[in-house]
Amino acid sequence: MIQLTNITKSFGTLQVLKGIDLHINKGEVVSIVGPSGAGKTTLLQIMGTLDTPDTGTVIVDGIEITKLKDKKLAQFRNLRLGFVFQFHQLLPEFTALENICIPALIAGKNKKQAEARAMELLNFLGLAERAKHKPAELSGGEKQRVAVARALINNPAIILADEPSGSLDTKNKAELHQLFFDLRDKFGQTFVIVTHDEELSQLTDRTIHIKDGIIQYDNAQPAANNEQLSADNAQQPTDYGQQPADLSQQAEKNAATGQEESIESPA
Ligand SMILES: Nc1ncnc2c1ncn2[C@@H]1O[C@H](COP(=O)(O)OP(=O)(O)OP(=O)(O)O)[C@@H](O)[C@H]1O
Ligand SMILES: [Mg+2]
């Protein structure tokens with residue numbers, strides 16, 4: 001689902017990532033941990049097309065995103081990826097419902113379709129009664145669940161989260177973490193979660209520890225060092241045979257037909 005090969009990234013003279021090789025499978029819930037400044041956010045942003053590596057290739061959902069340009073890249077991000085950040089980043093002047101709709105409207109859905117699906121998600125997250133509330137009228141946990149709904153509205157194959165529970169209390173934190181696993185079980189989405197939260201990293205299928213710009217430990221492959229990991233990854237069969245449809249065509253088709261995907265069949 002996500003294949004990183006020899007990713008390096010520097011900011012000026014600071015080399016943050018020094019050759020990351022990583023293969024994440026469909027439906028895995030993976031946590032990325034490591035000390036502050038280790039490069040976790042940088043790596044997540046590279047996976048999420050929000051930043052580009054200096055060297056290396058990134059294949060996400062069968063597409064080599066390092067080769068996509070501008071419009072196609074934006075379409076790819078909008079349709080295939082969902083983002084959840086530490087501080088929800090909801091737009092304050094819009095209601096919960098409107099915030100959730102935004103990625104769907106960008107993808108060419110009409111307002112009625114977008115709102116219907118946003119309401120399905122709000123129901124699923126137990127927030128139907130908060131639909132008309134603006135972010136300032138929601139609790140921290142509610143805001144974060146609205147942010148998750150916004151990440152889900154286009155049925156992305158992959159959710160990327162950067163310290164999603166970092167601003168939550170214990171109860172809301174536990175609920176949000178449970179939600180990730182529920183979503184994976186229900187919809188088969190792949191989750192990559194950067195976290196400082198011990199409990200969450202212990203719950204995930206796999207924990208990747210980043211330090212000094214390399215993967216120090218990956219419990220999918222214990223005792224493996226980074227070189228061993230790349231060797232193993234090279235031997236793994238990949239499932240990229242299916243060439244994805246042209247994204248701009250797909251978005252145009254969706255816009256033209258008003259085609260709606262069911263919440264029951266995401267990813
Ligand atoms: N745009 C940038 N320009 C210059 N330096 C940057 C930039 N982004 C990140 N860095 C530096 O790269 C290093 C890695 O940053 P990154 O945000 O990836 O760390 P992190 O592992 O997410 O840390 P934290 O746990 O504190 O969020 C840090 O030393 C940071 O100062
Ligand atoms: Mg970070």
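This is a predicted model: local features need pLDDT of at least 70, side-chain atom pairs count only at pLDDT 80 or more; totals for chains, interfaces and linings use all residues.
Local features need pLDDT of at least 70 and side-chain atom pairs count only at pLDDT 80 or more, while totals for chains, interfaces and linings use all residues. Residues are numbered from 1 along each chain as its sequence is written, with chains lettered from A and ligands numbered from 1 in the order in which they are written.

L4 has L22 in β2 as its bridge partner. Two residues lie between the strands of this hairpin, and G12 takes a positive phi near 60°. β1 also runs antiparallel to β4 (residues 55-60), with five bridges. There, T8 stands opposite T55.

The shell around ligand 1 includes F11, L14, V16, K40, T41 and T42 (C-beta atoms, placed from the backbone, within 6 Å). β2 (14-24) and α1 (40-47) each give two or more residues. The largest share, three residues, comes from α1.

Helices α5 (140-152) and α6 (170-187) have axes that come within 10 Å and cross at roughly 15°. Axes are lines fitted to C-alpha atoms over the stretch in contact, and angles run from 0 to 180 degrees between N-to-C directions. The two helices are therefore roughly parallel, a term for angles under 35 degrees.

Definitions and conventions:
Helices (H or I, at least four residues) and strands (E, at least two) are DSSP runs, numbered from the N terminus. Angles under 35 degrees count as roughly parallel, over 145 as roughly antiparallel, 65 to 115 as roughly perpendicular and the rest as oblique. Two strands pair if DSSP finds at least two bridges between them.
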